[in-house]
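Visitor: I am new to this structure and would like to learn how to read it. Could you show me where to begin?

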Amino acid sequence: MAFSRRSLLVTAGTALVAGATGGLARAQGTTTDTRITPRELGDPKAKIVVEEWFSLTCIHCAHFAENTFPLVKKNLIDTGKIRYVFHDFPTDQLATVAAMVARTLPPERYEAFAVSLLSSLDRWAYVQNGSPLEALKKMAAFAGMPGETFDKTVADQQLMQFILAQQTEAQDKYHFDSTPTFRFNNKIQVSNDMDYETFAKNVTDAS
């Protein structure tokens with residue numbers, strides 16, 4: 001999904017809260033806030049690291065999640081060949097809220113919830129009748145999030161600003177022009193959906 005720098009700034013303008021990361025950490029005292037810890041799968045010692053920046057309302061991200069990622073997980077992640085790192089990169093306000101919800105769930109549920117959202121965009125993000133936010137709330141409830149927790153999460157300006165700050169930092173550093181964007185061992189960058197064969201070739205080339 002292509003996006004513009006202006007659209008990112010407009011989105012970020014809804015949550016200009018200074019010191020978001022520090023605020024989140026302080027809110028938890030000496031305990032690390034798991035909402036801001038990395039979301040990753042695979043062997044931490046894997047020689048190849050693949051990073052994906054994606055938006056939870058992106059149809060191209062959804063296509064990758066449904067068609068390619070299951071093979072990536074089976075053949076490359078579960079076998080210890082790669083460590084896979086997820087990065088939230090919301091391209092609209094609804095995707096930002098969805099990322100906030102996904103990060104508030106226990107870390108071990110993040111990947112499954114994100115994939116479930118991407119696999120059912122027509123049932124929440126692009127629902128024809130009703131509110132996308134209410135549909136997202138139902139999806140979160142199925143994942144075990146109480147309604148009260150959902151309401152507090154979507155109103156959490158510091159969490160929103162953390163996600164947007166991470167997004168802006170990545171965009172400034174790597175100059176993305178679409179989602180999904182992948183980086184293979186910090187050697188190869190691809191801003192496009194891809195089939196498994198292409199993905200696996202990039203892993204080989206980056207090794």
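Guide: Gladly! Let us start with a term: a residue is called exposed when its relative accessible area is over 50%, and buried when that area is under 20%. Keep in mind that this is a predicted model.

Visitor: Then is histidine 175 buried or exposed?

Guide: Histidine 175 has a relative accessibility of 59%, so it counts as exposed. You will find histidine 175 in the loop between helix H9 and strand E4. Look at its backbone too: phi is near 60°, a positive value in a residue other than glycine.

Visitor: Which other residue has a positive phi, near 55°?

Guide: That is asparagine 185, again a residue other than glycine. Asparagine 185 sits in the loop between E4 and strand E5, which spans 188-190.

Visitor: What kind of peptide bond joins threonine 179 and proline 180?

Guide: The bond between threonine 179 and proline 180 is cis, with omega at about 0°. Proline 180 belongs to the loop between helix H9 (157-174) and E4.

Visitor: Now for the strands. How should I think about their side chains?

Guide: In a regular strand, side chains alternate between the two faces of the sheet. Take E2 as our case: Ile48, Val50, Glu52 and Phe54 lie on one side, Val49, Glu51 and Trp53 on the other, and all are buried.

Visitor: Why is strand E2 largely enclosed by the rest of the structure?

Guide: Count the buried residues: seven of the seven in E2 (residues 48-54) are buried, so the strand is largely enclosed.

Visitor: Which strands pair with E2, and in which sense?

Guide: E2 runs parallel to strand E3 (residues 82-88), and seven bridges join the two. Within that pairing, valine 50 stands opposite tyrosine 84 of E3. E2 also pairs with strand E4 (residues 181-184), this time in the antiparallel sense, over four bridges. There, glutamate 52 has phenylalanine 182 of E4 as its bridge partner.

Visitor: Could we finish with a helix? Where is threonine 153?

Guide: Threonine 153 is part of helix H8, made up of residues 147-154. Its relative accessible area is 4%, so threonine 153 is buried.

Visitor: Which residues is threonine 153 in contact with, leaving aside its neighbours within four places in sequence?

Guide: With those neighbours set aside, threonine 153 is in contact with Met100, Val101, Thr104, Met145 and Leu159.

Methods. Residues are numbered from 1 along each chain as its sequence is written. This is a predicted model: local features need pLDDT of at least 70, side-chain atom pairs count only at pLDDT 80 or more; totals for chains, interfaces and linings use all residues. Side-chain values use heavy atoms; hydrogens and water are left out. Buried means under 20% relative accessible area, exposed over 50%, partly exposed in between (1.4 Å probe, protein chains only). Two strands pair if DSSP finds at least two bridges between them. Contact means heavy atoms within 4.5 Å.
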